[in-house]
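Subject: Structure handover

Hello,

Here is the structure for your files. Please open it alongside this message.

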Amino acid sequence: MITTYRRPKTFDKAVKLLSDKSLNAVALAGGTFIKNFSEKPVTVVDLQDLGLDVFEVVNQEVEAGSMVTMQQLCESDVANNALSRAIMLEAGKNVRNTMVLAEHLASCDGRSPLTTALLALDVSMTWQPGNIRVQLGDHLPVRNHESPGLFVSGLSWKHDIWLAFEYVARSPLDRPIVCVALAQWPSGRTRLALGGYGDAPIIAFDGPEPAGIEYAAKDAFYDADDEWASAEYRQDVAVTLARRCLDYIQVSQTSEGEV
Amino acid sequence: MKITLNINQIEIKIKVNPGDRLLDTLRNLGYLGAKSGGCVRGECGACTVLLDGRSVNSCMLLAAQAEGHLIETIEAQGQHPDQGWKKTTGLDSIQQAFVETGAIQCGYCTPAMVLAAEALLRDNPKPSEEEVRDALSGVLCRCTGYVKPVQAILRAGAFLRGETVPAIGEKPQVSEEWLPEFRDETRLPDKEDDKGLILSGILPRLIPTPESKGRHTVGHPETKVDAMKLVQGKPAFTADIKKPDMLIAKVLYSSVAHALIKRIDVSKARALPGVAAVLTWEDIPRVVYSTAGQSDPIPGPLDTFSLDKKVRFVGDRVAFVAAETAEIAEHALQLIEVEYEELPVIIDPRDAMKEDAAQIHDEPEFVNFAASDASKNLAAEIRIDIGDVDKGFNEADRIFEEEYVVQKVQLAHIEPHVVITYWDEDDRLVIRTSTQVPFHVRRIIAPVIGLPVKRIRVIKPRIGGAFGGKQEVLIEDVAAHLTIATGRPVLYEMTREEEFIASRSRHPMRIKLKTGVKKDGTITANEMICLSNTGAYGCHALTVAGNTGHKSMALYVGDGKYRQSPNIRFCADAVYTNTPPSGAYRGYGVPQGAWAVERQMEAIVLEMGFDPIDFRLKNTLRPGELHPFSTAWSEGREPKPEVVNTIGLEDCVAQGKAAVDWESKWGNQSWHEIPGKPFLRRGIGLAIVMQGTSIPYLDMGGASIKLNDDGTFNLLVGATDLGTGSDTVLGQMAAEVLGVPLEDMIVYSSDTDLTPFDKGAYASSTTYISGAAVTKAAKKVAERIRLRAARIFSERGAEIDAEDIKLVNRSAVTLAGQAISIEEIAMDALHHTDQEQIMAVASHVSPVSPPPFAAQFAEVTVDIETGQTTVDKLVMVVDAGVIINPVTASGQVEGGMVQALGYAVCEEMVYDAKGKARETDFLDYHIFRADEMPEMKTIFVETFEPSHPFGVKSVSEIPIDGVAPAVGNAILDACGVSLKEIPAVPEKIWRGLKETQQI
C-alpha cells in the first residue's frame, strides 16, 4: 500500500530517501507496475525530476538515462530496425510512452523481446549510489535477490554493433514463444540472447566469432519446456532463428547497410 | 497529500492519497471519459489520457506523478454544437470522423482512440495507415476490428489538412449491373466518392436486391444514434454514475477447484473499519437457479446458488464483501479464513462421465432439465437422428472419420461485468447493470434475492461490449444481496483477472465427425458426436451444444435423393468439469461445429480430388428446402418444420472468389512460393457457414412509439444495444415507416419499468424480431397519423382517403401533393382537436429462423521452418438479407472476423491439473492489436427474406463462424498440415510439418 509519495529533485535526496529503512521506500520509475506493491506501507520515490530521461552517443557508446521510455528509444537514432521491432513487439504505444527502461528491466519476464535484444547488446547498468556498473547479463539472473544499489540511473551499450532480431509468436505482435537476438561487434565478437521462456532471457553464446551459435542455441533451451511450448520445439526454432539472424547480419554487412 | 493537477489547461488543487491512481482521481473529479478495463498492467488502454501530449494509461500512473504535467481528457475535445441558447464549435474533426465513419460500436474505448488520434495528428498531420495503427496500438478494441477507427483517423487528418473528404450518408450509388443476373461482376459503384469509401473499408461492397431500393433511410449508412454521446465520453455506462453513500463490493473467489467449505470465519473481515457487510452461504437464502439469461422455462438445469458451501472451480464464489472503498474491501477479503475439504478434481471432460468420477453437483436442490443427470456429471444430452443415417453410410463409396478439438476462449469485452444496485424512494430495488437481458435479469434474480418481480427495476445503460457474456445473470445478485444487507447502494465491477477466472467463455468441445461420400461428390450421411465441456455449471449447456449441430450440420444435406431426405445424426453430451463455466458467446456453438465440418469437407475434397467450392455447393441447402433440423430440435422446445426461403450462398462464393482472385491462386504453385523467402509458403482457403436468426416461436421483442409535439417520436425498445448499432437500425426502420429522418427518432433502450418486454440481445434476433416489432408499432402510429391528416384535409375542404396519404419528408402528403407536416398533426392531436396521444405498442414473434449464410476466405503465410502463421487477408461475403445500415453491418462483420481470428490462431484458456488458469490478463491472453491486423474486406449479397417487413435476416453472429476453418484450410493449402485442433499455434503446425516430413 502506497502511503507516501516523494519526488526528489536531486540524486542525493533520492539516495537519502531510498536509504532510509524506516520508509520502506522503493523507486518509482514510470509507474507501470504501481499495483504490484504489497499491503505493507510503502514510500514511493518518483525519479522523474532527476534528469534521467535523456540519452546521448559518446564515442560510439549509447548512454541512456534509466527514465528513458521505450518509445523514446524506439524513435531515436540509436535504435536500429531490430531494436525498434523488439520494442514495438514489447507493448502498445500507451505503455511504451510511460514504461521506462529501468522499470522494464526490473519487471519483465523471459518472454520480453526488448530485454532479449538489450541482453544481446551486452548492456551495462549503472546503479546508484556509487556509479556501480553491472552488466545486464549478470544482473538478470539474480535481480530478485540481489541489488547492486538503490536505483538504476542509466544504461549503456556500444552503438556500432550489428543487431538482428527474430521471433515466433501466435500472432504478429503476441508475446514471443521463442525470440532470438544476435549482436555482432566490429571485432567479430558475437553474442546470442534467447527469450520467450522462463523468468528472464538468457545468453546462449558470447564468443569471438559466430561459429557454434546454432549448437549454443539448441543447448541453451534444452530444458525450456513450459505450458506455452515444448523444449524440443524451442530448441529447433532457436537454431533456425539464430541462423537467420546471422544471415541477416552477414548480408547487411556485405551491403554495408544499417547497423 | 495536496497536489495541483493541470487538467485540460485548468489548474485544480485537490487532496489525494499517495497511492491514488490518476484514473480514479480523474473519474472522481467528473472526467468520466476515461474508462476502466479492469486490467493491472495497462493492457487495454480504455483509460487513455494525454500526458504532455502523449497517450498514456491513466490507470498505471499515480495522480501525484501527473503533477506538473498537462493532462488532457476527452472532455477537452469537442461537444454538442447546439446547447440551447449557447452554441459551441461542435465536435472536433477527429470526433466527427469517428461518428461519420461508424468507428464507434460499443464506444467504451472510443474516447481513448480519439485521444490517441489527437496525439498522433498533432505531431504528424499526414500519417500513414501504419502510423495510425501504431498510434492505436495501446488501445484494445474488441468490437470494430480497427478498420473504421483507422479510417476515421485518416479521414480526420485529411480534413485537418484542408483536403476534401467524401460525404458519407447516402446509399452507395451502384450501377444496374449489380442486380442479380450480373452478380458475378465485382464492379465498384459509379460514384468516385463511393469507390473510395468502399476501398477504404468505411462502406462495405454491397450487392443490392431490387426490393431494397427506394428507401429514404433503410439501407443508408446513417450515423449511430448514440455516437454523439459516446464520442464525447459522456457518462453513459453503468459505472459512470455515483450514488451517495455507495459501497464497493468485492468477491472472495475459491482458490481450489473442488471442495467443501468446512469452515469459514469472517469475523476479522467484519471487524475491519469501513466494512459494511460480509456475506457467506450461511447468511443468505439458499435458492437454486440458473445464471443463463434465457426465456422461461430456462432450457437447462438449475444448479447454481448465489453462495454455496461447496466450490466447484477455481474462481467459484466464497464470500461477498461491501466496504467504503475498494482497498478496504480487498483487505477484508484477505482477512476471511476458509478451510476447505478438497475433493477429486475433473479437468478433462473425457473423465467426467467415468464411473469413478467425482460428482460435481450432488446438491439435493439440483433441478434437471430434459436428459441432464447430475449423478453422471451430465448437464445436457442430445440425440438426434434425421433420415436413415446407417443406410446413408452403407450407400457411400468412402467414409471419412476424424476427431476435431476446439478450445475455451474468453469474450474479452473491454467493459467488465459491472452493476450498481440501490433502493429507490419506493423501496424498490434498482439494478443498473451492463446486461444483454434486462427482463431476464429481473425474472431470474427475483426469487434469488427474495423480492417479487414488481419490486425490481432493471436499467440497462450503454454496454461496453458483451458478445454473449452479458447474457448471463452473473453478478447482479452480488450487489443486490449486499444492498439488501446494508440498505446502501453497492457497486460491483469485475477486474480483468476475475473476468478470466469467474465469468463465462466459449464451450470447448471434442467433435467426432463421420461423413459418407459417393464418388460423384454426393454426401450420403453425416454424423457428429460432440463432447462439450460446460465447466462447473450448466448454463447454456444444452442450447449451445444443440446449435453446434443444428447450424453446422444442417448446411450440408447432400445432393439428389439425399437432398430430399438428408441423413444426419447429431449426438452431444455436455458434461460438468471443475473449470470455469462456459456460456453464451457470439456464434453460440456454431464456430465449434463449423471448425469440424469445414475442416472435414476440405479433407474430403483433397482426398477425393474434388474442387473445394463445387463440392461444397453441390451438397449445401438450397432455397425452398426444409431446414433438416427444424423437425428434430428447437433449443429444448417443440420443433416445428421450417422452410429456408432465401439462400445467397452461391452469390457469396462467387463474389468472394472474385475478391480474393481465387482462380489465380488456388492450385497455382508459383503463387504459393515467395521469391527470396524459401521458408515461406502462401495458402488460401475458404469455409462456408450458416447461422440462425432468432429462436422461432419463442423470441419476442416489443416496441412502443409515441408522437411528440414537434413531430418527433420516442421509440422505446426492450432490445439491448450492446454497441452493435441495434438502436440505430431499429430507429431507421421506424423512421422509414413514419417518413421522418432518423434524427427525429429518440431511441431509448432499455428499462424494465419503461420499455416493452424484449427477450434481449442474443440469438441474432434484434434486427429481425425487435425490428419487426418496431415496424409494426410504426405502422400503427402511421395509420393514426394518416387518419388524423385525412380529417384535417377534410376540414380544409379536401376529402382524402387516409389510405391515399403517404408519410414522407416529415409530412403527410396526398396523391395530389397537398401536405401537412407531422408536427402540425402532432399539435392538432395533442392540443387542438379531439386530443389524443398518438402512440402504439407492438410485439413480434416469428415462426421461422431464417438463416444468414456466408462464404469466408482466408489467405495465410506459413513459415515452414518454425510453424509461425500469419493471416494476411480475410474476406467475408455475407447474405444477411437486406442490410438496414451498411456501416453498422460491416462493422459487425469486421469485429466478428477479428474475434474469430483470435479463435483461430492465438486465443485459448488453459488450466493445470488443479484447475488453475494460465491466462488471467491480456498479456498472456492475446487479443489482436490495431497494428497487427490482416487486410479485411466485407461484402454483402442481399436477399429479401419474406418473413420480415424489410427483408432482413441477421448479421451479428455469422462473422465469427468461418474464419477458423478458412484459416485452417489455408494452412493446409500452404504447407500440407491438416490441423484438427485450434488455435493454430506455431508448434502444432511445426509438428505437422515434421509428421509430413517437410522438416
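Below are the notes on confidence, the contact between the chains, the sheets and the helix pairs.

This is a predicted model, in which local features need pLDDT of at least 70, side-chain atom pairs count only at pLDDT 80 or more, and totals for chains, interfaces and linings use all residues. Residues are numbered from 1 along each chain as its sequence is written, and chains are lettered from A and ligands numbered from 1 in the order in which they are written.

Confidence

The model has an ipTM of 0.96 and a pTM of 0.97. Where pLDDT is low, the predicted coordinates should not be read in detail. Two residues are in contact if their C-beta atoms, placed from the backbone, lie within 7 Å.

Where the chains touch

On the chain A side, 31 residues are in contact with 40 residues of chain B. The elements of chain A that give two or more residues to this side are β1 (2–6), α4 (93–98) and α9 (231–254). Helices (H or I, at least four residues) and strands (E, at least two) are DSSP runs, numbered from the N terminus. α4(A) gives the most, with 5 residues. By class, the chain A side has 12 nonpolar, 12 polar and 7 charged residues. Here Ala, Val, Leu, Ile, Met, Phe, Trp, Tyr, Cys and Pro count as nonpolar, Asp, Glu, Lys and Arg as charged, and the others, Gly among them, as polar.

Sheets

Chain A has an open sheet of 3 strands in the order β1-β3-β2, with parallel pairing. β1 and β2 (25–28) of chain A are at the edges with a single partner strand each, so one side of each has no neighbour in the sheet. Neighbouring strands of this sheet are turned by 30° against each other on average, direction ignored. Two strands pair if DSSP finds at least two bridges between them. β2(A) and β3(A) (residues 42–46) pair in the parallel sense over 4 bridges, and V26(A) stands opposite V44(A) in β3(A).

Chain B has an open sheet of 5 strands in the order β15-β23-β22-β21-β16, and its pairing is mixed. Its edge strands are β15 (378–386) and β16 (398–406) of chain B, each pairing on one side only. From one strand to the next, the twist averages 10°. β21(B) (residues 509–517) and β22(B) (residues 523–535) pair in the antiparallel sense over 9 bridges. K512(B) has I529(B) in β22(B) as its bridge partner. Helix α14 (residues 541–552) of chain B lies across β15, β21, β22 and β23 (568–576) of chain B and runs at about 155° to β22(B). Axes are lines fitted to C-alpha atoms, for helices over the stretch in contact, and angles run from 0 to 180 degrees between N-to-C directions.

Helix pairs in chain B

The axes of α2(B) (residues 93–101) and α3(B) (residues 110–123) come within 9 Å and cross at roughly 130°. That makes α2(B) oblique to α3(B). Angles under 35 degrees count as roughly parallel, over 145 as roughly antiparallel, 65 to 115 as roughly perpendicular and the rest as oblique. The crossing of these two helices is right-handed; a crossing is left-handed if the near helix is turned anticlockwise from the far one by less than a right angle, and right-handed if clockwise. I94(B), Q95(B) and F98(B) of α2(B) meet T110(B), V114(B), A117(B), E118(B) and L121(B) of α3(B). This contact has 5 nonpolar, 2 polar and 1 charged residues.

For α16(B) (residues 590–608) and α17(B) (residues 612–619), the axes come within 9 Å and cross at roughly 120°. α16(B) is therefore oblique to α17(B), and their crossing is right-handed. M601(B), E602(B) and V605(B) of α16(B) meet P612(B), F615(B) and R616(B) of α17(B). By class, these are 4 nonpolar, no polar and 2 charged.

Regards
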